[in-house]
Amino acid sequence: MEVKHPEIPILYFVIPCYNEQEALPVTAQKLRSKMQNLIANHQISENSHVVFINDGSKDKTWNQIELLHEENRLFRGIKLSRNYGHQNALLAGLMTVQQECDVVISMDADLQDDIHAVDAMLEKYQQGCEIVYGIRSDRETDTAFKRITAQSYYKLMNAIGVELVYNHADYRLMSQRVLQELSGYEEVNLFLRGLVPMLGFQTGKVYYSRASRLQGESKYPLKKMLHFAFEGITSLSVKPIRMITSLGIAIFLISLFMLVYILVRHFQGYTVTGWTFLAVSVWGIGGLQLLGIGIVGEYIGKIYLETKHRPRYHLELYLK
């Protein structure tokens, strides 16, 4: 049965913020202008809002959100009790507003994602799409290192069976129906880029060029990006553990071959010093064992966190 969407939907922008005091004034100005145009063109309801989620910022981000809310009720604010990380902050915003809107668009506070792609997203929504992905048409603003590592990561995720939308981050449109289904996923180890494609539903894609950050600095240095990438792998796939099993079997078979080889050489009367070979073998096998134990331990740690059923975030305040 075809789902009919409202002609003039209530749209909420959900925008996580962490130490964005420099970017917020410009971001708010652009979003206000965009929302006013969408409302004037009857593309969205006048009851639409922009919701900023303060993820335990250490600067004056929350003060600016409060000021924006006082100046214009178009803007709303959610204050988390502490820093929970980007994915949990985004989820907190989505789950808080799911009953208040028909459709939600998530994006980052730096507005590197093109807000004018929203028009095409809403058009796809009216055509019946429940999820619309904002996809980068190029990576010209990235460094060569970031381009290579990003492409390698997508290929790796695809190889281990994780469905990701290529060149898509967290700039997406989701209907209220999708948000309701997403609320049923209760895992603590959260990776929305992998969870949303698992929901199914009719999807669409909108391509745009990503701009350079104009204010503030990136909240994803290399260390944090690597952690986020590893979180995505271990949250959505068990193939790394299976790879360790396969590697263990391969090493065992090699060891049997080497045992036969050593015995043959022994009975042939050859004296083998073997120091280099022995040292390399010990270090190599030892390293592989530690790597295997580490990966298995990572999964055990995630199981430990999941069994506790701890809340993924705590809301301190919601400015409506």
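Modeller: The charged end of R82 sits over the ring of Y84, at 4.1 Å from the ring centre. This description applies when NZ of Lys or CZ of Arg is within 6 Å of the ring centre and within 35 degrees of the ring normal. The model is predicted, and local features need pLDDT of at least 70, side-chain atom pairs count only at pLDDT 80 or more, while totals for chains, interfaces and linings use all residues. Residues are numbered from 1 along each chain as its sequence is written, and side-chain values use heavy atoms, with hydrogens and water left out.

Contacts between aromatic rings come next. The structure holds two aromatic pairs. Rings of Phe, Tyr and Trp (its six-membered ring) pair if their centres lie within 6.5 Å; planes under 30 degrees apart count as stacked, over 60 as edge-to-face and the rest as tilted. F52 belongs to strand β2 (residues 49-54) and F75 to strand β3 (residues 75-80), so this pair ties together parts that are 23 residues apart in sequence. Helices (H or I, at least four residues) and strands (E, at least two) are DSSP runs, numbered from the N terminus. F52 and F75 are both buried, a term for under 20% relative accessible area, with exposed meaning over 50% and partly exposed in between (1.4 Å probe, protein chains only).

Y171 and Y208 form an edge-to-face pair, with 5.3 Å from centre to centre and 85 degrees between the planes. Y171 is in strand β6 and Y208 in strand β7 (residues 203-208), so the pair ties together parts that are 37 residues apart in sequence. Y171 counts as buried because its relative accessibility is 1%, and Y208 is buried with a relative accessible area of 5%.

Strand β6 (residues 168-175) also holds H168, which counts as buried because its relative accessibility is 3%. A polar atom of the H168 side chain lies 3.0 Å from the backbone oxygen of G134. The side chains of H168 and R172 are joined by a polar contact of 3.2 Å. A polar contact is a pair of N or O atoms within 3.5 Å; within protein, one must be able to donate a hydrogen and the other to accept it, and residues adjacent in sequence count only if both atoms are side-chain atoms.

As for charged pairs, the structure holds six salt bridges, each a side-chain nitrogen of Lys or Arg within 4 Å of a carboxyl oxygen of Asp or Glu. One of them joins K34 and D119, whose closest N and O atoms are 2.4 Å apart. K34 lies in helix α1 (residues 24-40) and D119 in helix α4 (residues 118-126), so the bridge ties together parts that are 85 residues apart in sequence. K34 is buried, with a relative accessible area of 8%, whereas D119 counts as partly exposed at 25% relative accessibility.

In the bridge between E100 and R76, the closest N and O atoms are 2.9 Å apart. This pair links distant parts of the chain, 24 residues apart: E100 is in the loop between α3 (86-97) and β4 (103-106), and R76 is in strand β3. E100 is partly exposed, with a relative accessible area of 23%, while R76 counts as buried at 11% relative accessibility.

E316 and K79 form another salt bridge, with 3.5 Å between the closest N and O atoms. Here too distant parts of the chain are linked, since E316 is in strand β8 (residues 315-319) and K79 in strand β3, 237 residues apart. Both partners count as partly exposed, E316 at 46% relative accessibility and K79 at 22%. Salt bridges that share partners also join R76, E100 and K320 into one network.

Phi of H42 is near 60 degrees, a positive value in a residue other than glycine; H42 is in the loop between α1 and β2 and counts as exposed at 57% relative accessibility. Phi of L111, likewise not a glycine, is positive at near 55 degrees. L111 lies in the loop between β4 and α4 and is buried, with a relative accessible area of 13%.
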